[in-house]
Amino acid sequence: MHLAYPAVLAVLLFCVGLYGVLARRNLILVLMSVELMLAAVNLNLVAFDVWLRDTLHAGQSLALFVIAIAAAEIGIGLAIVLLVYRTRGSSAVDRLRDTAESPPGSASDEDRPAGEEKTAVRGGAAA
Amino acid sequence: MTRDFLSPTGVEIVFVLVGIVVLGAALLTVSTKQLVHSALWLVVTLGGLAVEYLLLTAEFIAWVQVLIYVGSVVVLLLFGLMLTRAPIGRSPDADSGNRWVALGVAGAAAVTLVWVVVDAFRTQYIPLDEAQGTTAVMGEALFRYWVLPFEALSVLLLAALVGAIVLSRRKSEAEAGDEGTKS
């Protein structure tokens, strides 16, 4: 089999996953796209291992490790997503903007309560 | 030894056909508006990749892929979708605002990488006359040369499990009441 076939398939799959990570809004769908990218990397590892006829089978062993680490990652990731959903009531990535900087010179409405709270805290400390 | 792309072997034909199915399912995974269907298309993608591993004679990886990815990861993802109350029908806001930027980035990356990969490897050929990834071969490689990473991996899995439990644990009564008065 030509090496180009699995290599090109892996590249295309990786780019589909890249698009998913950048374009999806739901956090769980972003995790799915990450899985697609990891699967593409695995295909590359296996194909090059078979091509090189590695006596240590490093590529296939690394592919196994990647599969196991992907399982661990998805477990932790889902726990974090559920925690975010429970505290925020939403799992959309573009609504989690608490640490976003507002552009300079435009005091948006979201900033004002935080600023008032800060002055209130400072006043309390001074008193 | 040169082989022509225009006279493919049977294995190559099957590989390309399954590859088209895998790519189509992956595109549907990242583009469908129904969130649960997305997880089901992911099953098709990963199952097709298992077939590709079989065609590359890496049968142990193929079965591990079926067991872990299709068996457990997708089930976990479905659990996650259900627990975050994902809408069952079509959801119009499945894609965020930077969809066209994402399309541009992914397209540029695809063109560049395909060009590089084809340019570098178009003359290389994988001989498939001898199976490279049977369970016997892989077991020998794993437990003779890769024992230490394998054991470290089991510790890592345990750590991930404990971490997931700690993260998803409900707070105790006192902490929950404290948070309730705060908010």
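Between chain A and chain B there are two salt bridges. By salt bridge I mean a side-chain nitrogen of Lys or Arg within 4 Å of a carboxyl oxygen of Asp or Glu. Over all chains, the structure holds five.

Before going on, the ground rules. This is a predicted model: local features need pLDDT of at least 70, side-chain atom pairs count only at pLDDT 80 or more, and totals for chains, interfaces and linings use all residues. Residues are numbered from 1 along each chain as its sequence is written, chains are lettered from A and ligands numbered from 1 in the order in which they are written, and side-chain values use heavy atoms, with hydrogens and water left out.

Take one of the salt bridges. B:Asp129 pairs with A:Arg53, with the closest N and O atoms 2.8 Å apart. B:Asp129 sits in the loop between helix H4 (99-121) and helix H5 (135-144) of chain B, and A:Arg53 in the loop between H2 and H3 of chain A, so the pair joins two chains. Helices here are DSSP runs (H or I, at least four residues), and strands are E runs of at least two, numbered from the N terminus.

Now the whole interface. How many residues of chain A are in contact with chain B? The count is 68 residues of chain A against 89 residues of chain B. Contact means heavy atoms within 4.5 Å. The two chains bury about 7300 Å² between them, 76% of it on carbon and sulfur atoms. That is accessible area (1.4 Å probe) lost when the two parts are put together, summed over both. On the chain A side, A:Met1, A:His2 and A:Tyr19 lose the most area to chain B, together 12% of what that side buries.

Helix H2 (residues 27-52) of chain A packs on helix H3 (residues 59-83) of chain B at about 170 degrees, axes 11 Å apart. That makes H2(A) roughly antiparallel to H3(B). Axes are lines fitted to C-alpha atoms, for helices over the stretch in contact, and angles run from 0 to 180 degrees between N-to-C directions. Under 35 degrees counts as roughly parallel, over 145 as roughly antiparallel, 65 to 115 as roughly perpendicular, and the rest as oblique.

Who meets whom? From H2(A), the residues include A:Ile28, A:Leu31, A:Glu35 and A:Asn42. Among their partners in H3(B) are B:Tyr69, B:Val73 and B:Gly80. By class, this contact has eleven nonpolar, two polar and one charged. Nonpolar covers Ala, Val, Leu, Ile, Met, Phe, Trp, Tyr, Cys and Pro; charged is Asp, Glu, Lys and Arg; the others, Gly among them, are polar.

Within the chains, two more pairs. H2(A) and helix H3 (residues 58-88) of chain A pack at about 175 degrees, axes 8 Å apart. H2(A) and H3(A) are therefore roughly antiparallel. Their contact has 17 nonpolar, four polar and three charged residues. In chain B, helix H2 (residues 35-55) and H3(B) cross at roughly 175 degrees, with axes coming within 8 Å. H2(B) and H3(B) are therefore roughly antiparallel too. That contact divides into 21 nonpolar, two polar and one charged.

Last, the record. An unreviewed UniProt entry places "transmembrane region" at residues 6-22, 29-51 and 63-85 of chain A. Residues 63-85 of chain A are 100% helix and 0% strand, with end C-alpha atoms 32 Å apart.

Methods
UniProt positions are given in the numbering used here, feature names are shortened, and annotations may be inferred rather than shown by experiment.
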